[in-house]
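Dear colleague,

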Amino acid sequence: MLKKGIAEFIGTFVLVLFGTGAAVLGGGIEGIGTLGIAMAFGLSIVAMAYSIGTISGCHVNPAVSIAMYVNKRLSFSELAYYIVGQVLGAVVATGVLKIILSTSDMAVTNLGQNSFGALGAGGAFLVEAILTFIFILVIIVVTGKHGSPEFAGLVIGLTLVLIHLLGIPLTGTSVNPARSFSPAIFAGGEALSQLWVFIVAPIVGGILAAITSKLLLDSEA
């Protein structure tokens, strides 16, 4: 289980560093653009899926791991190792990004934290729950008994790109509590006060996806 936790640490570190790093260092929507940011997150998943995927399944997302636990693909003790690895990986990634910005004499106020934007709490919650539902539904189905394991990493990565194309202009796209937790604790202020939505909504969306995939799409063996 420790090996799986370490794999999740590495995978989440890569996802958060390259995803939020591309957004921050690339100048956001006005710079690298929505597609560029979306590709950074999606390609990070593809790279990790075909490396650490053989060890841990490359969840790199507590909402994914909780969904897998709901569908009995993980034990509770495995879930604990996964989530600890994911959160620590995210925190270290944001710490590294902050060091890069500081040593480059760049502002450290933007670390890729999520925001309600113009949506408010209710709108942001709805967006994040729906986007996470779609993302995790795809993950569970393509890794389930009717899926194609050899293509799973590519499909999941491209789905994350799709999710980001809609979500970035709205909330910055979380669909991942670890990805949101880390920038928020470093940035503080509004990001920290809004963090609960980006933790709870993805978990709700993930649980609904787990139930739907099992009962409606017959994903489980």
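By class, the lining of the second largest pocket has eight nonpolar, eleven polar and two charged residues. Please keep in mind that this is a predicted model. The space in this second largest pocket comes to about 360 Å³, and among the 21 residues that line it, those closest to its centre are Ala23, Ile37, Gln113, Ile168 and Gly172. Helix H1 (2-25) and helix H2 each supply at least two residues of this lining, and the largest share, three residues, comes from H1.

The largest pocket holds about 420 Å³ of space. It is lined by 25 residues, of which Gly57, Cys58, His59, Met68 and Thr143 are the closest to its centre. Sorted by class, the lining of the largest pocket has 15 nonpolar, seven polar and three charged residues.

I then turned to the cavities, and the count comes to two of 30 Å³ or more. In the largest cavity there is about 70 Å³ of space, and the 13 residues that line this cavity include Leu15, Asn61, Phe135, Leu160 and Asn176, which are the closest to its centre. Helices H2 and H7 each supply at least two residues of the lining of the largest cavity, and this lining divides into seven nonpolar residues, five polar ones and one charged residue.

How much space lies in the second largest cavity? The value is about 40 Å³, and the residues that line this cavity are Gln113, Asn114, Ser180, Ala184, Ala191, Gln194, Leu195 and Phe198. Helix H8 (177-187) and helix H10 (195-215) each supply at least two residues of the lining of the second largest cavity, which is made up of four nonpolar and four polar residues, with no charged residue.

With best wishes

Technical notes:
Residues numbered from 1 in each chain as written. Predicted model: local features only at pLDDT ≥ 70, side-chain atom pairs only at ≥ 80, totals over all residues. Heavy atoms only, no water. 1 Å grid on protein atoms, 1.4 Å probe; cavity = no way out; pocket = protein on both sides within 12 Å on 5 of 7 lines; lining within 4 Å. Points joined across faces, edges and corners; volume = space filled by probe spheres on them. Nonpolar A, V, L, I, M, F, W, Y, C, P; charged D, E, K, R; others polar. Helix = DSSP H or I, 4+ residues; strand = E, 2+ residues; numbered from the N terminus.
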